Amino acid sequence: MSKYSLKKIDDYRWEIPKTGGMRVPGLLYADEKMLKVVQQDNTPLQVMNVAHLPGIVKYSLAMPDMHWGYGFCVGGVAATDPEKGGVISPGGIGYDINCGVRLIRTNLTLPDIQDKMKILLAALFNNIPCGVGGTSSLNLTFHELKKVLRDGAKWAVKNGYGTEDDIERTEEYGTMQGADPEKVSERALRRGKDQLGTLGSGNHFLEIDLVEKIYLPDVASVFGLEEGQIAVLIHSGSRGLGYQICDDYLARMRRTVEKYHISLPDRQLSCAPISSAEGKDYFAAMACAANYAWANRQIMTYWLRETFQKALRLSPKELGMELVYDMCHNIGKFEEHLVNGEKRTLFVHRKGATRAFPAHHPLLPGVYQSVGQPVLVPGDMGTNSYVMVGTDLAMKETWGSTCHGAGRVMSRSKAKKAAKGRAVERELEDRGILIMAKGKGTIAEEMPDAYKDIDQVVRIVEKAGLSRRVAKLRPLGVIKG
């Protein structure tokens with residue numbers, strides 16, 4: 001028996017009314033078919049739990065790719081007001097801080113690479129470290145690593161791994177302010193020291209895609225996208241460093257909850273007032289992990305360009321490998337939003353959710369001011385990915401947020417069992433998708449069946465008005481850890 005009730009607002013919005021200690025209602029973005037899926041793992045209960053956080057404003061939100069997570073559901077969004085006792089919760093950001101995705105467009109078309117895909121994929125697999133514990137060829141000192149944590153992607157570009165255009169097209173311009181490496185534990189530093197420029201494992205990937213369809217030609221033109229074009233997606237985060245920072249501060253905040261007399265229905269929501277010493281320390285450490293992740297993806301982009309040049313024997317100008325955008329989907333940020341007509345600075349948790357800012361938003365780079373922010377919604381191995389664009393309605397309803405991907409419907413262990421006896425790699429190859437991975441286990445865990453239907457997820461956020469489709473990408477070759 002469910003422990004919550006749902007009130008249908010329209011075909012794509014479902015409210016969980018306030019009950020018990022909930023400070024605000026819950027709001028789920030789903031159609032009826034998706035709602036049945038998300039109810040199977042009791043994700044709405046986590047949405048209710050988040051609604052208990054001190055200082056939470058308006059709603060506890062969940063995007064259609066929602067599924068059970070640590071504390072917050074994956075796909076969860078919540079804003080808290082620092083001036084009204086608002087808290088910061090590591091569970092609302094996640095273990096892989098600034099796990100995110102970046103899209104690189106090219107001048108290439110399918111005939112340019114069709115006969116060279118295996119060679120190209122093998123070269124990328126060799127040049128970009130991946131897998132659990134994958135280590136980098138960079139040999140950073142702890143002193144230099146702390147510079148990375150302060151400066152993010154700007155450190156990478158300053159050291160020759162990219163261009164100023166890359167910085168312009170990265171969320172927060174690749175550097176979150178307020179980062180303090182002294183708030184990062186020695187263990188976290190050790191874990192991050194040899195992993196800069198590595199892909200990692202799990203759902204992280206590097207993918208060569210074909211731009212199969214354009215929905216909004218005028219917006220796609222500004223993004224530099226057109227039908228028949230080859231593009232590349234990189235999905236990775238802050239590796240062991242981010243995981244350790246989250247673990248360190250969750251342990252600290254379990255004690256903090258008692259100190260500040262915060263009552264919570266789930267200890268995984270452990271938090272601290274944003275204005276407290278504990279809250280400020282966590283934000284400073286989280287910002288370090290965010291900066292590490294941006295530097296990480298920037299360095300991989302440099303090696304990606306290098307590999308394409310050598311494998312295809314083309315010049316940088318001929319390749320035209322330009323960053324479209326880099327965005328994060330596990331992050332917490334101070335942002336200005338309207339609350340009952342009043343402009344307020346809120347702290348927005350996005351866990352498995354992405355920003356979707358509209359045209360003319362002051363935080364967007366000049367190149368996208370006229371159309372809005374690119375929103376990157378990756379699939380996984382055998383599924384399409386989408387490029388979308390932010391909307392005004394998202395700013396009004398969801399603190400400028402939308403979905404981040406398909407969202408799991410199977411745990412990794414369940415996916416492995418379901419894949420038993422199947423040749424998933426061969427199934428994908430028969431569909432024209434080449435896969436390279438460190439281990440067979442990864443392919444089974446990440447098979448397309450383990451995820452929701454991304455076409456349905458994207459349709460829901462578009463019908464709800466949170467973002468609009470610009471382009472569809474079809475995978476040709478995928479590297480997994």
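Visitor: How many strands does the open sheet have, and in which order do they come?

Guide: The open sheet has 7 strands in the order β1-β2-β3-β4-β5-β13-β12, and their pairing is mixed. Two strands pair if DSSP finds at least two bridges between them. The edge strands, β1 (7–10) and β12 (330–339), each pair on one side only. From one strand to the next, the twist averages 25°. Helices (H or I, at least four residues) and strands (E, at least two) are DSSP runs, numbered from the N terminus.

This is a predicted model, in which local features need pLDDT of at least 70 and side-chain atom pairs count only at pLDDT 80 or more, while totals for chains, interfaces and linings use all residues. Residues are numbered from 1 along each chain as its sequence is written, and side-chain values use heavy atoms, with hydrogens and water left out.

Visitor: In which sense do β4 and β5 pair?

Guide: β4 and β5 (residues 74–80) pair in the antiparallel sense, over 3 bridges. To find your place, look for His 67, which stands opposite Val 74 in β5. The hairpin of β4 and β5 has 6 residues between the strands, and there Gly 71 takes a positive phi near 75°.

Visitor: And what does β5 do with β13?

Guide: β5 pairs with β13 (residues 342–351) in the antiparallel sense over 5 bridges. Ala 79 has Val 348 in β13 as its bridge partner.

Visitor: Why is β5 described as largely enclosed by the rest of the structure?

Guide: Buried means under 20% relative accessible area, exposed over 50%, partly exposed in between (1.4 Å probe, protein chains only). In β5, 7 of the 7 residues are buried, so the strand is largely enclosed by the rest of the structure.

Visitor: Which strands does helix α1 lie across?

Guide: Helix α1 (residues 32–39) lies across β1, β2 (13–16), β3 (26–29) and β4, and runs at about 90° to β4. Contact means heavy atoms within 4.5 Å.

Visitor: How should I read helix packing, for example the angle between α10 and α11?

Guide: Axes are lines fitted to C-alpha atoms, for helices over the stretch in contact, and angles run from 0 to 180 degrees between N-to-C directions. α10 and α11 (residues 277–312) pack at an angle of about 170°, with axes 10 Å apart. The two helices are therefore roughly antiparallel to each other (over 145 degrees; under 35 is roughly parallel, 65 to 115 roughly perpendicular and the rest oblique). Residues of α10 that meet α11 include Arg 239, Leu 241, Ile 245, Tyr 249 and Met 253, and among their counterparts in α11 are Tyr 282, Met 286, Ala 289 and Tyr 292.

Visitor: How does α5 cross α11?

Guide: The axes of α5 (residues 142–151) and α11 come within 6 Å and cross at roughly 95°. That makes α5 roughly perpendicular to α11. In this crossing, Leu 145, Val 148, Leu 149, Arg 150 and Asp 151 of α5 meet Ala 287, Cys 288, Asn 291, Tyr 292 and Ala 295 of α11.

Visitor: Where does Ser 238 sit?

Guide: Ser 238 lies in the loop between β9 (229–236) and α10 (239–259). Ser 238 is buried, with a relative accessible area of 0%. Leaving aside residues up to four places away in sequence, Ser 238 touches Asp 96, Ile 97, Ala 289, Tyr 292 and Ala 293. The C-alpha atoms of Ser 238 and Asn 296 are separated by 7.3 Å, with the two residues 58 apart along the chain.

Visitor: What should I check in the backbone angles of Lys 58 and Trp 399?

Guide: Most residues other than glycine have a negative phi. Lys 58 has a positive phi of about 75° although it is not a glycine, and Trp 399 likewise has a positive phi, of about 55°. Lys 58 is found in the loop between α2 (43–50) and β4 (60–67), and counts as partly exposed at 38% relative accessibility. Trp 399 is found in the loop between α13 (392–397) and β17 (401–402), and counts as buried at 2%.

Visitor: Which residues of α17 are buried?

Guide: In α17 (residues 454–463), the buried residues are Ile 454, Gln 456, Val 457, Val 458, Ile 460 and Val 461. Just after α17, Gly 465 takes a positive phi of about 85°.
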